[in-house]
Amino acid sequence: MTRLVVTGAAGMLGRATIAAARRLGHEVTGLTRAELDITDASAIEDALRRLRPTAVVNCAAWTDVDGAEEHGDLANLANGIAPGLLAIAATAADAHLVHVSTDYVFDGRKTEPWVESDAVGPLNAYGRTKLAGERAVLEAGDGQHTVVRTAWVYGEGGPNFVDTMLRLGAERDEVSVVTDQIGRPTWTGHLAAALLELAERRVDTGLYHATGPDAVSWYDFAIEILDRAGLDCRVVPTTSDAFPRPAERPAYSVLGTERDPGVHLPPWQEGLVAYLDSRKDAVS
């Protein structure tokens, strides 16, 4: 049994990680932002000293990609500085930190999957803050900690693309979705299990990519969502130019891995089915 602390406990990934840890019989303490300010070094040190975890999974983050363009200082505090404080405190407490990062550290200009050693080049403030957090964890941890990049995350407990498509599909006859952004959708249930496995095995340190094996556009993902949900809504193809946003998105966000063994999640289709089933169970 692993004694875990999960930060960002109220968010999508934090909730999924806590639930998965409890199913596995781990002793887990979830800490929300109100319960732990991860930008406060003293508060982090006090919490880890009191809870004595063997591992910490950091699911706390500023996730508003467009908002980070306007509020870069706040986003960097949460995404860039706080992870380093967690890493320092975890090292002092002899705990293994597993920190979650993003595909947005890349510029999206490749046409084949991005691997861990590829050169980074974030296009937006969110990506820059997440990259700073990665580096802070790996530099502060003296080789003890793990950074996991993932992509296109969705799940229960927060706004996400799947829920948006389900809502629009129920309200409209058609919806326009971009075809020129490609990635690998990641259900929190699958990602949480991988994070816990890395937390349990302290030898798996450094940088990992974690997504399923198949790539898809937002357009094709939307078609699959609405079809699986039985919603009669036409999906109209469009491009990113039709939806200008404050933060530029990478066009090709497909993450691969060169780690052996690497982190390999199930296909995104399985994650989508599981998530839709969980939504039905929550309503029934």
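Predicted model: local features only at pLDDT ≥ 70, side-chain atom pairs only at ≥ 80, totals over all residues.
An open sheet is formed by 7 strands, which follow the order 2-1-3-4-5-10-13 with parallel pairing. Its edges are strand 2 (27–31) and strand 13 (263–264), each of which pairs on one side only. Within the sheet, strand 3 (residues 55–58) is paired with strand 4 (residues 96–102) in the parallel sense, over 4 bridges. V56 has L97 in strand 4 as its bridge partner.

Two helices were examined against this sheet. Helix 5 (residues 125–140) lies across strand 4, strand 5 (146–150) and strand 10 (206–211), and runs at about 160° to strand 4. Helix 7 (residues 188–200) also packs on the sheet, where it touches strand 1 (3–7), strand 3, strand 4, strand 5, strand 10 and strand 13. The direction of helix 7 makes about 145° with that of strand 4.

A contact between two helices is found for helix 2 (residues 41–51) and helix 4 (residues 72–92), whose axes come within 9 Å and cross at roughly 35°. The crossing of helix 2 and helix 4 is right-handed. On the helix 2 side the contact involves A41, I44, E45 and L48, which meet L85, L86, A89 and A90 of helix 4. By class, 7 of the residues in this contact are nonpolar and 1 is charged, with no polar residues.

The volume of the largest cavity is about 40 Å³. Its lining consists of D103, Y104, W152, Q181, I182, W218, P250 and S253. These lining residues comprise 5 nonpolar, 2 polar and 1 charged.

Among the open spaces, the second largest pocket has a volume of about 250 Å³. It is lined by M12, R15, A16, A19, R23, E156, W187, T188, G189, Y275 and S278. At least two residues of this lining come from each of helix 1 (12–23), helix 7 and helix 9 (268–283). Helix 1 contributes the most to the lining of the second largest pocket, with 5 residues. By class, the lining of the second largest pocket divides into 5 nonpolar, 3 polar and 3 charged residues.

Definitions and conventions
Residues numbered from 1 in each chain as written. Heavy atoms only, no water. Axes fitted to C-alpha atoms, helices over the stretch in contact; angles between N-to-C directions. Left-handed = near helix turned anticlockwise from the far one by under 90°. Contact = heavy atoms within 4.5 Å. Nonpolar A, V, L, I, M, F, W, Y, C, P; charged D, E, K, R; others polar. 1 Å grid on protein atoms, 1.4 Å probe; cavity = no way out; pocket = protein on both sides within 12 Å on 5 of 7 lines; lining within 4 Å. Points joined across faces, edges and corners; volume = space filled by probe spheres on them. Pairing = 2+ DSSP bridges.
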